[in-house]
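Here is a quick walk through a fold and the places where its ligands sit. Have the viewer open and follow along.

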Amino acid sequence: MALSGKSAVVTGAAMGIGKAMSEILLQNGAKVVLLDMNEAAGKSLQEALSKQYGQDRTLFLICNVESEEQMKAAFQKTVETFGGIDILCNNAGMLNESEWEKTVSVNLLGVIRGTYVALQHMNKLTGGRGGVIVNTASLAGLGPLPSCPVYTATKHAVVGFTRAMAGASAASGYGIRFNALCPGFVQTDLLSNILARLGPFSHLEALTQTFMDKGVINTSDVAKCLLELVTDETKNGEALIVKSDLKMYMPFPTEPKTPK
Ligand SMILES: NC(=O)C1=CN([C@@H]2O[C@H](COP(=O)(O)OP(=O)(O)OC[C@H]3O[C@@H](n4cnc5c(N)ncnc54)[C@H](O)[C@@H]3O)[C@@H](O)[C@H]2O)C=CC1
Ligand SMILES: CCCCCC(=O)/C=C/C=C\C/C=C\C/C=C\CCCC(=O)O
C-alpha cells in the first residue's frame, strides 16, 4: 500500500510512540490527524509537523479515546477534512495498576471504540475505501509482565481483538486489514515513575527492572514496524514483536488446540 495521499488517524499521537508513528506516516506521504487528550502537546506537535511537512498535511484534534462522542466527532472531522480514512493507529494507552478500571477503559475499550467508529467510515461494505488498522499492543500482550497484571490483560485482549477482527474482516469483505504491534520496553514517558504506576505491585519494581535491563528500544524502531504493517498488504491478523535484539511475527497456532 503506497501512502502518498492516504489519510491516517493516530490516537495518543502527541508524544512517545504515537508521535513517531505520525512522523513516519508523514515522511511516507500520508496526511495525518493527530488525536490526543493532551491539548498543549498535541497543538505544539501539529505546529512543528505542519512547518516540516506542509500546512495541509496535519490536523490536531483533542480526543479522549474513552469518549464515544469525541471519537465520533474526530473521525467525522477527519473525513470532512481529508475525504476519508485509510489508516487507523489505535495507539493511546496508559499504565497504572492502581487505576485498573481506567487502564481497561483506555487500553482495551479505547481500541474497540476506535475500531468500531472507524469501521463506519472505512468499511467497503458501507461505502468506505478499506485500508488498515494497527493496534498498539505490547510484548505484554503475548506473555505475562508480573508487575502489571491488568496492563498485561488489556494487551492480551488487544491482540485477541485484533486477530478476531482480521478474521471477521476477511470473511465479511470489509477490505480492512488488522494487525497488532507488540513492542518490548520503549523509551517514552510511560516508563517514568514506574514505582507509582505499579501500585499494588510496586514491590516487583526490581523484577521489572531486570526485564528492562535486557534492552529498551527507541520510538523510531516501533514506527518502522508500523510502516511495515501498514504497507505490506500480505499482513493481516499479525502480531509483530519488536524488541532490542529481535523483530519477528508471532507464530500463532493455526488451529485451536482441542482436548484429546
Ligand atoms: N513505552 C513502552 O515501553 C511501551 C508502550 N506500549 C504501548 O504504546 C502505546 C503508546 O505508549 P507510549 O508512547 O509509550 O506512552 P506515552 O505516555 O509516552 O504517550 C501516550 C500518549 O497517549 C495519550 N493518551 C493517554 N491516554 C489517552 C486517552 N485516554 N485518550 C487520548 N490520548 C491518550 C497521552 O496524552 C500521550 O500523548 C500505549 O498503548 C502503550 O501501552 C507498548 C509497549 C511498550
Ligand atoms: C514498566 C512496565 C512498562 C510496560 C510497557 C510495555 O508494554 C513493555 C512491555 C515489555 C515487556 C513485556 C514483558 C514480558 C512479556 C513476556 C513474554 C513475552 C513472550 C513473547 C513470546 O515470544 O512468546
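Predicted model: local features only at pLDDT ≥ 70, side-chain atom pairs only at ≥ 80, totals over all residues.

## Ground rules and one buried valine

A residue counts as buried here if 20 or more other C-beta atoms lie within 10 Å of its own.

You'll find V117 in helix α4. Who does V117 touch, once its neighbours within four places in sequence are left aside? The contacts are M71, K72 and F75. K72 sits 45 residues away from V117 along the chain, yet their C-alpha atoms are separated by 6.2 Å.

## The sheet

Now for the sheet: eight strands make up an open sheet with mixed pairing, and the order runs β3-β2-β1-β4-β5-β6-β7-β8. Going from one strand to the next, the twist averages 15°.

Two of the pairings are worth a look. β2 (residues 31–36) runs parallel to β3, with five bridges between them, and D36 has I62 of β3 as its bridge partner. β5 and β6 also pair in the parallel sense, this time over six bridges; there, I133 is bridged to F178 of β6.

## Strand β6, inside and out

Is β6 buried or exposed? Eight of its eight residues are buried, so β6 is largely enclosed by the rest of the structure. I176, F178, A180 and C182 point one way from the strand, while R177, N179, L181 and P183 point the other way. Notice that R177 and N179 are buried along with the rest of that list.

## Helices on the sheet and the core

Helix α4 lies across β1 (7–11), β4 (87–90), β5 (131–136) and β6 (176–183), and its direction is at about 170° to that of β4. Helix α8 (residues 219–231) packs on the sheet too, touching β4, β5, β6, β7 (239–243) and β8. The angle between α8 and β6 is about 160°.

In soluble globular proteins, nonpolar side chains tend to be buried together. In this model, the largest nonpolar core holds 72 residues, and L181 and L226 touch the most other members. Helix α4 (residues 100–122) gives the most to this core, seven residues in total. Not counting residues up to four places away in sequence, L226 touches M21, I24, C89, V134 and L181.

## Around the two ligands

Ligand 1 is surrounded by 29 residues, with G12, G16, G93, T188 and L190 the closest. By type, this shell splits into 14 nonpolar, 12 polar and three charged residues. Both α1 (16–27) and α4 supply at least two residues of the shell, and α1 has the largest share, with three.

What about ligand 2? There are 16 residues around ligand 2, and S138, L139, A140, L142 and G143 come nearest. The shell has 12 nonpolar residues, four polar and no charged ones.

Most residues other than glycine have a negative phi. N193 isn't a glycine, but its phi is positive, at about 50°. N193 is in the loop between β6 and α6 (194–198). Is N193 buried or exposed? With 11 C-beta neighbours inside 10 Å, N193 counts as exposed.

How values were computed
Residues numbered from 1 in each chain as written. Chains lettered and ligands numbered in written order. Near = placed C-beta within 6 Å. Nonpolar A, V, L, I, M, F, W, Y, C, P; charged D, E, K, R; others polar. Core = buried A, V, L, I, M, F, W, Y, C linked by C-beta atoms within 7 Å. Buried ≥ 20, exposed ≤ 12 C-beta atoms within 10 Å, placed from the backbone. Helix = DSSP H or I, 4+ residues; strand = E, 2+ residues; numbered from the N terminus. Contact = placed C-beta atoms within 7 Å. Pairing = 2+ DSSP bridges. Axes fitted to C-alpha atoms, helices over the stretch in contact; angles between N-to-C directions.
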